[in-house]
Amino acid sequence: MKHMLCGATLALLIGVNAAAAQQQGASLSEGHLDQVDGNKDGTVSQAEYQTFMTSAFSRLDANGDGVLAQSEVSTILSPDQLAATDANGDGNLSRREFMDQVMKDFQAADRSGDGQLK
Ligand SMILES: [Ca+2]
Ligand SMILES: [Ca+2]
Ligand SMILES: [Ca+2]
C-alpha cells in the first residue's frame with residue numbers, strides 16, 4: 001500500500017486540505033505547482049521537488065528531533081499510511097523514510113518519465 005500515499009502527502013505538504021485534495025483526485029493544481037516550481041519554468045523537476053520536500057520535512061518536524069512522529073503528521077497521514085511509510089517499523093518517519101516515499105511519489109506522478117511534473 002506504499003504507493004497510496006501520494007495525493008495526501010503532496011496536498012498536505014503544499015499546505016492544502018488533504019481531504020479536499022483527495023476528493024479532487026489529488027492532482028496538483030497550478031497553484032500547487034507554483035509553490036514547488038523553484039525556477040518558475042512551469043514544470044517541477046525532480047530536484048525542485050526534492051528541495052521542496054526537504055524543507056517540508058523540516059516544517060513538519062515540530063520538535064526538531066529529526067523524525068516525524070504520528071502526532072506531527074496526524075493531519076496528513078492516517079496511522080495506516082504512516083505505518084506503510086515507516087520502513088523500519090519504529091513508529092516514526094525518519095528523513096530517509098520520508099524522502100524515499102515522496103521521491104517514489106514523484107516517479108509515480110511523472111507518467112511521461114521525463115523527470116518533470118507539469
Ligand atoms: Ca521548474
Ligand atoms: Ca519530530
Ligand atoms: Ca521509521
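Of the protein's 118 residues, 22% count as buried. The model is predicted. Seven helices and four strands make up its secondary structure. Along the sequence they follow the pattern α-α-α-β-α-β-α-α-β-α-β. Take the contacts between residues at least 6 apart in sequence: 50% of them join residues at least 24 apart.

**Helix H7**

Helix H7 covers residues 95-109. Its 15 residues reach 21 Å from the first C-alpha to the last. That is close to the 21 Å expected at 1.5 Å a residue.

Which residues of H7 are buried? They are Phe98, Gln101, Val102, Asp105 and Phe106. Seen down the axis of H7, these buried residues fall within an arc of 145°, so they line one face of the helix. Arg96 and Gln107 lie on the other side of H7 and are exposed.

| Residue of H7 | State |
|---|---|
| Phe98 | buried |
| Gln101 | buried |
| Val102 | buried |
| Asp105 | buried |
| Phe106 | buried |
| Arg96 | exposed |
| Gln107 | exposed |

**Lys40**

Lys40 sits in the loop between helix H3 (30-36) and strand S1 (44-45). Its phi is positive, about 55°, although Lys40 is not a glycine. Is Lys40 buried or exposed? Lys40 has 8 other C-beta atoms within 10 Å. A residue counts as exposed at 12 or fewer, so Lys40 is exposed.

Conventions: Residues numbered from 1 in each chain as written. Chains lettered and ligands numbered in written order. Predicted model: local features only at pLDDT ≥ 70, side-chain atom pairs only at ≥ 80, totals over all residues. Helix = DSSP H or I, 4+ residues; strand = E, 2+ residues; numbered from the N terminus. Expected span 1.5 Å × (residues − 1). Buried ≥ 20, exposed ≤ 12 C-beta atoms within 10 Å, placed from the backbone. Arc of directions from axis to C-beta. Contact = placed C-beta atoms within 7 Å.
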